[in-house]
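Have the structure open while you read.

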Amino acid sequence: NKDIDLVAKMLIFFENLGVRESDISFTIDYRHGDVENIVKDIVGIIGNHKFRLNKTDRNKFPSVHAQIGGKIFRIFLEKFIYKSLVDIKNDKELRRAWLRGYFSAEGCVAYHSTEKYLAHIDFAYNPQKEVWLRDYCIELLRLENIDKIKIRHEEHNGQIIITNWENYYRLWKIGMFDGCKRKKDKFNTIIKNVNIGCYLEDDFRKKLFRGVNQYKLAKILNTYQASISNMMNGTNRNMWPSVEQVMKLCELKHIDMEVMKKRIQKIRFGTLTHMEVTDELINDIFKIKEGSLSF
């Protein structure tokens with residue numbers, strides 16, 4: 001795996017199962033770069049082991065391959081996993097930990113860098129051998145109220161595909177992205193940049209915008225006069241004030257932030273996903289935009 005922090009976690013897991021250092025063979029695959037520095041960085045994360053070095057064009061980034069020998073251990077591990085599945089499913093903490101681990105190893109945050117939107121979250125599986133794994137994962141996701149799940153089942157490619165910001169928020173709340181630093185950082189960057197709009201109570205919104213110079217306010221809020229007009233009128237033409245703009249309005253109008261939060265009736269992620277407003281959701285998104293909370 002190129003995520004060396006995951007290799008470190010797996011080594012702890014195998015150590016707790018009684019696997020010895022002599023049972024594991026380590027290979028560092030690399031494409032280019034200073035080998036000594038690559039090894040030094042890896043040792044800093046997983047400790048010093050007897051590494052075999054393999055220069056290859058197949059790997060864009062340095063990765064660690066750890067192989068455990070022994071037919072008896074393989075049989076034991078397989079039975080251990082299968083015997084654990086029912087207990088994992090029925091225990092909320094274990095269920096979420098399992099999903100977090102599966103996503104860390106086989107999950108993807110699919111982001112369209114050109115169009116700048118989060119297309120989906122997915123888990124990969126082997127369509128030839130892991131249909132049971134796919135079905136088990138979907139069963140666990142549904143127990144966590146994750147819906148809008150699609151399956152892409154091709155001869156050499158299997159994916160469990162999750163869409164909709166309501167689902168992404170639920171995934172974050174159960175710690176889905178916490179297992180792999182690279183994937184967590186990627187999701188944090190996306191959520192901090194996504195537009196989150198706020199629909200305000202009519203009377204409060206009218207009072208908030210009353211008597212303002214639309215051109216001056218547009219400049220302050222980094223938008224256009226037409227957008228300010230739509231905000232004032234409460235139209236649905238993608239012109240709800242963003243969380244950042246709401247915070248700026250609080251500052252300009254000397255309104256307590258907690259008062260403002262109470263006047264928000266709807267939340268919209270991007271241009272499509274509307275979410276039911278709760279105190280928890282409101283507090284989370286404001287903390288994210290303030291930079292005091294990471295997804």
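How much space lies in the largest cavity? About 50 Å³. Keep in mind that this is a predicted model.

Searching the whole structure turns up one cavity of 30 Å³ or more. Its lining is made up of C198, Y199, L200, R205, N230, M231, G234, T235, M239, W240 and P241. Two elements, β8 (196–200) and α10 (225–233), each give two or more residues to that lining. The top contributor is β8, with three residues.

What sort of residues are these? Sorted by class, the cavity lining has seven nonpolar, three polar and one charged residues.

## The largest pocket

Now for the open spaces. The largest pocket has a volume of about 2,000 Å³, and 41 residues line it. If you want to find its centre, look for M10, F13, F14, I81 and A105, the lining residues that lie nearest to it.

Several elements give two or more residues to this lining: α1 (4–16), β1 (24–30), β3 (63–68), α3 (71–90), α4 (92–106) and α5 (131–143). Which one gives the most? That's α3, with 10 residues. By class, the lining of the largest pocket splits into 24 nonpolar, nine polar and eight charged residues.

## The second largest pocket

The second largest pocket holds about 710 Å³ of space. It has 30 lining residues, and K116, V194, N195, G270 and T271 are the ones nearest its centre. At least two lining residues come from each of β5 (117–125), α6 (165–173), α7 (181–193), α10 and β9 (264–269).

## A closer look at K262

Finally, zoom in on K262, which sits in helix α12 (residues 257–262). Is K262 buried or exposed? Its relative accessible area is 53%, and exposed means over 50%, so K262 counts as exposed.

Which residues does K262 touch, leaving out those up to four places away in sequence? The answer is E201 and D279. Along the sequence, K262 and D279 are 17 residues apart, while in space their C-alpha atoms are 8.4 Å apart.

Terms used
Residues are numbered from 1 along each chain as its sequence is written. This is a predicted model: local features need pLDDT of at least 70, side-chain atom pairs count only at pLDDT 80 or more; totals for chains, interfaces and linings use all residues. Side-chain values use heavy atoms; hydrogens and water are left out. Helices (H or I, at least four residues) and strands (E, at least two) are DSSP runs, numbered from the N terminus. Buried means under 20% relative accessible area, exposed over 50%, partly exposed in between (1.4 Å probe, protein chains only). Contact means heavy atoms within 4.5 Å. On a 1 Å grid over the protein atoms alone, a cavity is a set of points where a 1.4 Å probe fits but cannot get out, and a pocket is an open set with protein on both sides within 12 Å along at least five of seven lines; lining residues have an atom within 4 Å of a point. Grid points are joined across faces, edges and corners, and a volume is the space filled by probe spheres set on the points. Ala, Val, Leu, Ile, Met, Phe, Trp, Tyr, Cys and Pro count as nonpolar, Asp, Glu, Lys and Arg as charged, and the others, Gly among them, as polar.
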